[in-house]
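Thank you for making the time this morning.

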Amino acid sequence: MVTIDDVYPNFVIIEDGVSLAGQTFIFTHNKPLDYHRHLSEAFLAPVVIKKNAWIAIGVIILPGVTIGEGSIVASGSVVIKDIPPYTLYGGIPAKL
């Protein structure tokens with residue numbers, strides 16, 4: 001029950017030993033409706049999850065994020081920026 005971007009799944013890199021819990025979403029692109037174009041441009045950026053990272057249940061990972069080796073992302077977090085190696089992040093947006 002993990003959703004990896006269904007349009008650009010090849011932009012997601014998951015290294016060895018990663019644990020991805022259910023109901024996690026990994027997005028690599030943003031394409032707003034025509035009505036919302038003035039608020040946000042469309043873009044595409046890779047997501048990299050480094051070795052031995054643990055992504056708990058219900059996490060949302062947005063485009064362009066790298067999750068560092070050995071890091072933990074707490075349940076229900078929204079990851080909007082890179083997470084350094086060997087840290088614990090949680091919340092909306094995810095913070096140290």
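Predicted model: local features only at pLDDT ≥ 70, side-chain atom pairs only at ≥ 80, totals over all residues.

Which residue in E12 is the bridge partner of isoleucine 61? In the model, the partner of isoleucine 61 is valine 79, which belongs to E12. Strand E9, covering residues 60-61, runs parallel to E12, and two bridges join them.

That pairing is part of an open sheet of four strands, whose order is E1-E4-E9-E12 and whose pairing is parallel. Because E1 (2-4) and E12 stand at the edges and have a single partner strand each, one side of each is left without a neighbour in the sheet.

Let me turn to the nonpolar core. The largest one has 15 residues, and the members that touch the most others are Ile49, Ile55, Ile61, Ile67, Val73 and Val79. If we take isoleucine 55 and set aside its neighbours within four places in sequence, its contacts are Ser19, Leu20, Ala21 and Thr24, together with Ile49, Ile61, Ile67 and Val73.

Now to the serine I mentioned. Serine 77 sits in the loop that connects strand E11 (72-73) with strand E12 (78-79). Is serine 77 buried or exposed? Its relative accessibility is 0%, and therefore serine 77 counts as buried. A polar atom of the serine 77 side chain lies 3.0 Å from the backbone nitrogen of glycine 91. Beyond four places in sequence, serine 77 is also in contact with residues including Gly58, Val59, Ile60, Tyr89, Gly90 and Ala94.

Technical notes
Residues numbered from 1 in each chain as written. Heavy atoms only, no water. Core = buried A, V, L, I, M, F, W, Y, C linked by side-chain atoms within 4.5 Å. Buried < 20%, exposed > 50% of the residue type's maximum accessible area, 1.4 Å probe, protein only. Contact = heavy atoms within 4.5 Å. Polar contact = N/O pair within 3.5 Å; in protein donor to acceptor, adjacent residues only side chain to side chain. Pairing = 2+ DSSP bridges.
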